[in-house]
Amino acid sequence: MSMRETNDYKSGWQERAGINAEAYPESYTFSSGIQMNIMDWHVQEKQPGIYKSATPMAEFHYCLAGAIDANLNGQELRVCQNQMLLSYMPHIEMETEYQPGQTLKCISIAFTEHSYDQLIASRFPEHKLSFRQMLGSGLYNHRERPLDSHIKILLRQLLHCPYHQSLKSFYMESKTLELIAASTEEMLLSEREGQKKSKIHGDELLKLRHAREVIVNRMDNPPSLLELARIVGLNDNKLKYGFKEIYGMSVFSYLRERRLEKALDLLRSGQANVSETAWKIGYTNLSHFAEVFRDRYGINPGEVRRESCRGS
């Protein structure tokens with residue numbers, strides 16, 4: 001993988017807005033043509049910005065903290081804390097305003113329609129999904145979703161990359177691609193949930209989402225299926241079958257996937273050795289942890305740890 005840090009986005013804002021240099025995004029362009037921009041700064045005074053482009057753009061925008069008010073192609077828009085936005089714009093005429101006294105933590109991922117379709121075809125072949133199918137066509141189309149805990153973890157990992165130089169290139173691009181896949185999955189889940197409202201009603205959907213949050217937050221000491229059912233207020237059969245219907249896998253399989261993703265992050269970042277990692281994600285048998293890790297990633301956890309140590 002290759003990555004270059006670019007000032008194109010920054011220069012465009014500088015020419016058109018003259019805003020405080022602190023507000024310029026940290027911007028990266030990857031070999032796939034995907035661009036990722038990070039804004040992480042405290043707004044000292046009201047900051048206006050104007051941006052225009054004739055280039056068609058598709059974008060995921062994420063806001064972990066703060067809020068941005070914008071007029072995009074004639075439509076008023078507010079991107080709020082803990083919100084994710086997927087949008088398509090054949091052209092861009094955008095005015096933004098950042099209110100003073102707030103800390104902004106936002107990430108955007110911009111890409112062409114073709115590059116997105118190629119990426120998603122490899123990640124979700126069973127859906128035969130295209131960007132247009134998700135958003136339709138028009139001057140400005142968008143979909144909004146709240147940030148779930150898994151996506152928040154990925155955003156924080158991009159904000160606090162533990163690597164430098166070549167390892168940083170690999171880490172930032174792989175996390176960006178993982179974030180696109182997770183965000184698309186979240187959009188697909190919302191569609192799937194909407195299609196199943198005749199079987200699973202709104203209150204049950206909220207409880208199933210709560211179950212997923214509990215699994216992620218307690219992966220080091222997860223509740224049993226019966227305890228989880230009690231926590232979210234469903235009987236165990238409704239939890240078991242409803243969870244699989246909505247999320248495409250059993251509660252246990254979902255827990256295992258999230259555990260292994262966290263293990264990979266801990267080992268790559270050097271935050272923990274192999275035994276500490278196993279303990280942090282709830283594995284008491286080190287041999288079993290190594291086995292499931294190797295089955296999932298095709299590499300021993302110790303090798304990932306040694307590679308992170310060489311790169312630090």
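I started at arginine 258, which lies over the face of tyrosine 254, 4.6 Å from the ring centre. My criterion: NZ of Lys or CZ of Arg within 6 Å of the ring centre and within 35 degrees of the ring normal. Arginine 259 lies over the face of tyrosine 283, at 5.0 Å from the ring centre.

I note that this is a predicted model, where local features need pLDDT of at least 70, side-chain atom pairs count only at pLDDT 80 or more, and totals for chains, interfaces and linings use all residues. Residues are numbered from 1 along each chain as its sequence is written, and side-chain values use heavy atoms, with hydrogens and water left out.

**Aromatic pairs**

I found five aromatic pairs in the structure. Rings of Phe, Tyr and Trp (its six-membered ring) pair if their centres lie within 6.5 Å; planes under 30 degrees apart are stacked, over 60 edge-to-face, the rest tilted. Phenylalanine 60 and tyrosine 62 are stacked, at 6.0 Å centre to centre and 20 degrees between the planes. Tyrosine 283 and phenylalanine 289 have centres 5.7 Å apart and planes at 50 degrees, so this pair is tilted. Tyrosine 283 and phenylalanine 289 are both buried, as are both phenylalanine 60 and tyrosine 62. Buried means under 20% relative accessible area, exposed over 50%, partly exposed in between (1.4 Å probe, protein chains only). I also logged one aromatic cluster of Phe60, Tyr62 and Phe111.

**Histidine 61**

I placed histidine 61 in strand 5 (residues 57–65). Strands (E, at least two residues) and helices (H or I, at least four) are DSSP runs, numbered from the N terminus. Histidine 61 has 12% relative accessibility, so it counts as buried. Beyond neighbours within four places in sequence, its contacts (heavy atoms within 4.5 Å) include Ile68, Val79, Met84 and Cys106.

I took axes as lines fitted to C-alpha atoms, for helices over the stretch in contact, with angles from 0 to 180 degrees between N-to-C directions. Helix 9 (residues 251–269) and helix 11 (residues 286–297) cross at roughly 90 degrees, their axes coming within 11 Å. That makes helix 9 roughly perpendicular to helix 11. Angles of 65 to 115 degrees count as roughly perpendicular, under 35 as roughly parallel, over 145 as roughly antiparallel and the rest as oblique. Among the residues in this contact are Leu260 and Leu264 of helix 9, and Phe289 and Phe293 of helix 11.

Helix 6 (residues 202–217) and helix 8 (residues 236–247) pack at about 85 degrees, axes 10 Å apart. Helix 6 and helix 8 are therefore roughly perpendicular to each other.
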